[in-house]
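Reader: Before we look at the details, could you show me how to read helix packing, helix bends and burial in a model of this kind?

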Amino acid sequence: MILKFHCQRGFWELSSPQKINFSRLSSASMYSVCKGDYVVCIMVVSFCLSLQHPDPDYSAAYVVIQTDASDGLKGYGLTFTLGKGTEVVVCAINALSAHVVNRDLDEIISDFRGFYRQLTSDGQLRWIGPEKGAVHLATAAILNAVWDLWAKQEGKPLWKLLVDMDPKQLLSCIDFRYITDALTEEEAYKEQMLKYGYPAYTTSCAWLGYPDQQLKQLCTEALKDGWTRFKVKVGADLQDDIRRCRLVREMIGPENILMLDANQRWEVEEAIEWVTKLAEFKPLWIEEPTSPDDVLGHATISKALALLGIGVATGEQCHNRVVFKQLLQAQALSYVQIDSCRLGSVNENLSVLLMAKKFQIPVCPHAGGVGLCELVQHLIIFDYISISGSLENRMCEYVDHLHEHFKYPVVIKNASYMPPQVCFYYHSWSIFTNLIMPLYEYCF
């Protein structure tokens with residue numbers, strides 16, 4: 001099965017989650033790089049969600065890998081972005097394409113560690129990384145598509161593909177370079193492995209900027225749907241945070257769980273002071289209190305807030321496994337938040353899951369973006385079955401928008417992720433297969 005390559009860039013906007021405006025999708029906004037008959041399609045998607053955020057424009061760089069096999073299978077992958085800059089990630093994907101074109105899929109998966117290292121060790125592209133930023137986001141998109149193709153070829157959902165691997169095969173997908181002082185391959189080999197339904201928490205009720213009436217309405221609806229874990233965005237104005245946290249705590253009651261998310265707004269001491277004034281509302285954690293690169297700052301915050309029974313959660317903007325290693329070694333976080341598109345796909349996330357297991361820190365993934373819930377569900381189910389074996393203090397983020405644009409959206413029952421049964425890792429967007437691909441074929 002030889003991987004084919006073709007590159008396309010498309011851009012469109014969703015003025016609402018239901019309405020698609022194709023006025024900016026034309027042959028002028030596409031480009032093509034052909035190498036023989038081998039093809040991967042890459043496109044940029046921009047979602048305008050002013051109701052969800054005051055600033056970001058939910059977007060993605062989208063990769064499709066097609067092969068010359070008669071089964072016609074395609075591998076789909078993406079990496080999540082926030083609007084401007086998505087075109088930079090697309091350029092990085094194209095730059096990495098030389099490592100994918102004309103490669104045999106069996107050759108890749110038989111030495112997945114080597115393929116991962118080839119993508120992340122390009123001597124020239126490492127200069128604008130290494131293993132961080134736009135190049136690493138591009139790496140994630142490509143690897144996500146490869147994993148999706150492999151899962152389809154095996155006829156299994158990705159979580160089942162991972163669970164069915166013997167330990168040596170699983171570990172052969174992981175690059176242990178730079179983390180052996182925290183976890184060696186030999187140590188990881190000793191760790192081993194069922195249940196269904198993985199606890200989730202909702203971020204959809206308490207975005208910054210929501211008026212009180214909307215916040216109350218969303219909390220009421222969520223409680224009616226069985227949600228017991230709620231996250232509140234904070235950090236813009238302390239008095240407003242106090243008022244909003246009090247309102248949410250009154251709505252959800254003392255028995256349900258409340259978390260806070262500052263999205264990197266504070267200095268270290270400011271974070272400690274601010275969260276101390278919110279401690280009366282009994283938050284389980286404060287997420288991203290300061291710069292995601294400040295390992296020692298996180299450690300200082302974690303130590304101070306532990307006295308109040310408040311943990312620190314971070315990871316959605318951790319560049320790579322090395323930063324996670326340092327956070328764990330420094331006892332700087334209480335909850336690990338992996339991201340399926342920030343790290344180098346499944347391969348690098350596996351290394352973080354194993355390190356979290358060694359350091360006995362629960363994994364509570366980030367999933368607040370385009371397609372992230374659909375991707376990360378496989379990782380949390382695998383983590384539970386094969387690595388952690390526990391649901392204690394574990395939950396995965398869930399946001400309730402944009403799922404209608406996916407062919408097989410995530411399934412939530414009783415505030416829990418249900419294991420997907422369709423054979424894939426990432427699956428095609430309904431808007432891609434039904435609308436964009438026919439237009440692409442027409443233009444080319």
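This is a predicted model: local features need pLDDT of at least 70, side-chain atom pairs count only at pLDDT 80 or more; totals for chains, interfaces and linings use all residues.

Reader: At what angle do the axes of α4 and α13 cross?

Author: Helices are DSSP runs (H or I, at least four residues), numbered from the N terminus, and axes are lines fitted to C-alpha atoms over the stretch in contact, with angles from 0 to 180 degrees between N-to-C directions. Here the axes of α4 (residues 133-154) and α13 (residues 345-358) cross at roughly 100 degrees and come within 6 Å, and the two helices are therefore roughly perpendicular (65 to 115 degrees).

Reader: Which residues of α4 and α13 meet?

Author: Contact means heavy atoms within 4.5 Å; by that criterion His136, Ala140, Leu143, Asn144 and Trp147 of α4 meet Ser345, Val346, Asn347 and Glu348 of α13.

Reader: Where does α14 bend, and is α14 buried or exposed?

Author: A bend is the angle between axes fitted to the seven residues ending at a residue and the seven starting there; α14 (residues 372-388) bends by about 30 degrees at Phe382. Buried means under 20% relative accessible area, exposed over 50%, and partly exposed in between (1.4 Å probe, protein chains only). In α14, 17 of the 17 residues are buried, so this helix is largely enclosed by the rest of the structure.

Reader: How does Gln326 count?

Author: Gln326, found in α12 (residues 321-329), counts as partly exposed at 37% relative accessibility.

How values were computed. Residues are numbered from 1 along each chain as its sequence is written. Side-chain values use heavy atoms; hydrogens and water are left out. Angles under 35 degrees count as roughly parallel, over 145 as roughly antiparallel, 65 to 115 as roughly perpendicular and the rest as oblique.
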